[in-house]
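Welcome, and take a moment to look over the model below. We will then walk through its sheet, a helix pair and the ligand surroundings.

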Amino acid sequence: MSDIVFDGVSRVFKRDGREFPALEEVSFRVAEREFVTIVGPSGCGKTTCLRLAAGLEFPSAGTVAVGGKRVVGPGPDRAVVFQQFALFPWKTVFDNIEFGLRAKGVDAEERRREVARHIELMGLQGYESAYPHQLSGGMQQRVAIARSYVLGPDVLLMDEPFGALDAQTRVVMQEELIKLSRVIPRTVLFITHAVEEAVYLADRVVVMTRRPGRIREIIDVAAVRKAENWDRYERIEDVMDQSSFVHLRTSIWRLLREQQAPHHVNH
Ligand SMILES: Nc1ncnc2c1ncn2[C@@H]1O[C@H](COP(=O)(O)OP(=O)(O)O)[C@@H](O)[C@H]1O
Ligand SMILES: [Mg+2]
């Protein structure tokens, strides 16, 4: 069982002797092999949620558990992909993807096979011996995702992984991630501030309030995707053209609009 459970999680940061609440009473569950996205205004605590699940940060109150075990630090059951690709610049694509397998003590033959399989899954054939600086942002993020998937973690934690990509590359990556998560289903918690991305990728979307972040609403996309058979479309623009998609997107926009600070309202 590799679910993620947030139970009454609050996080308060202290700065200059003052307390800044970042998250308040956040409770939700990502079921095993479910793809959950979190959207919310900037500064509402999305990254903090991800860092809590990763074990890079700890709750001030409440608990975070992965696979039924309270998170006490980072672990091999969870892989994290950040907006900054954090590849080793001095290593080739192949060596970047292979690195974690080496660290785990996987033998050479299996390493070669697994790296080759993930290079193919992420469409990186022909780039095996390229260095990160020779790749576009999109290709670098493919390497970062392959590097996480190859380790076979139960849980993937992604913090705006496509945030730094141009719009067209981003769309391709979204399609690739959907395909990949069908071939290799994982429990995924994916942070974004892009509403379309949140709806397109998710089984469920968690919508947060502005800071201090609470859960405003959790939206079941999987039910709509199934009822409306979105999976018959290969292209993101065809899914986004469906009135059922537009409807979900608009209702999330309305929830986020409510979260704008009063001084953002025009008089
Ligand atoms: N280590 C930290 N120390 C103090 N304040 C922090 C720290 N990390 C995050 N914060 C604050 O907590 C709030 C939530 O941050 P974050 O989780 O990064 O939001 P988001 O990812 O939704 O933009 C922000 O107000 C941020 O300034
Ligand atoms: Mg963030």
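**The sheet**

An open sheet of mixed pairing is built from six strands, in the order S6-S7-S8-S3-S9-S10. Strands here are DSSP E runs of at least two residues, helices are H or I runs of at least four, and both are numbered from the N terminus. This is a predicted model, where local features need pLDDT of at least 70 and side-chain atom pairs count only at pLDDT 80 or more, while totals for chains, interfaces and linings use all residues. Residues are numbered from 1 along each chain as its sequence is written, and chains are lettered from A and ligands numbered from 1 in the order in which they are written.

- Strand S6 (78–81) and strand S10 (215–220) are the edge strands, each pairing on one side only; pairing takes at least two DSSP bridges between two strands.
- Strand S3 (residues 35–39) and strand S9 (residues 204–208) pair in the parallel sense over four bridges.
- Ile-38 has Val-206 in S9 as its bridge partner.

**The helix pair**

- Helix H4 (residues 137–149) packs with helix H5 (residues 167–183) at an angle of about 20°, their axes 10 Å apart; axes are lines fitted to C-alpha atoms over the stretch in contact, and angles run from 0 to 180 degrees between N-to-C directions.
- That makes H4 roughly parallel to H5 (angles under 35 degrees count as such).

**Around ligand 1**

- Phe-13, Ala-22, Lys-46, Thr-47 and Thr-48 come nearest of the 13 residues around ligand 1 (near means a C-beta atom, placed from the backbone, within 6 Å).
- H1 gives the most to this shell, with three residues.

Technical notes: Parallel < 35°, antiparallel > 145°, perpendicular 65-115°, else oblique.
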